[in-house]
Amino acid sequence: MEIKGLHLIQEYSLGKLYEANGFLIPVITGSNIEMGEQYGALMVKEMQKTYDTLVQPLINADVLNDLSIKLWVNRAYYGGSLRTRQFYDGVVLGSGWTLSKVVILDQVMEFGIYTA
């Protein structure tokens with residue numbers, strides 16, 4: 001079904017990715033893991049663009065190194081709710097990324113605030 005102004009771009013399982021006025025709108029449904037998997041599969045290209053823009057330069061400049069990434073991932077993943085961990089696990093399934101890459105992308109803004 002086409003909704004006026006929304007254009008279906010991609011589907012994965014029960015998830016759908018729409019575009020409207022240049023904005024991407026993922027519509028996901030199911031359990032936390034299923035929604036994470038749908039999100040990861042539908043958004044992996046955009047996630048990579050964001051990672052390349054925000055995270056990779058910090059790694060290249062050694063602002064983010066293996067130890068700091070591990071600390072931030074452990075903080076967010078193990079300190080987060082079960083729902084958050086399940087969503088992250090689903091994103092890993094859908095995107096094919098490592099857990100560290102998924103979580104550090106999600107946490108990069110908090111890392112930036114912390115280092116500022």
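Me: Lys and Arg count as positive and Asp and Glu as negative, while His and the chain ends are not counted; what does the model show for the mean positions of these charges?

Reply: In this predicted model, local features need pLDDT of at least 70, side-chain atom pairs count only at pLDDT 80 or more, and totals for chains, interfaces and linings use all residues. Residues are numbered from 1 along each chain as its sequence is written, and side-chain values use heavy atoms, leaving out hydrogens and water. The place of a charge is NZ of Lys, CZ of Arg, CG of Asp or CD of Glu. The mean positions of the 9 positive and 12 negative charges of the protein are 3 Å apart.

Me: Why is Asn-21 called exposed?

Reply: Exposed means over 50% relative accessible area, buried under 20%, and partly exposed in between (1.4 Å probe, protein chains only). Asn-21 has 74% relative accessibility and therefore counts as exposed.

Me: Where is Asn-21 found, and what is its phi?

Reply: Asn-21 lies in the loop between strand 2 (15–20) and strand 3 (23–27). Helices (H or I, at least four residues) and strands (E, at least two) are DSSP runs, numbered from the N terminus. Phi of Asn-21 is near 55 degrees, a positive value in a residue other than glycine. Most residues other than glycine have a negative phi.

Me: What makes Asp-62 exposed, and which loop holds Asp-62?

Reply: The relative accessible area of Asp-62 is 53%, so Asp-62 is exposed. Asp-62 sits in the loop between helix 1 (32–60) and helix 2 (66–78). Asp-62 is not a glycine, yet has a positive phi of about 60 degrees.

Note on methods. Lys, Arg positive; Asp, Glu negative; His and termini not counted.
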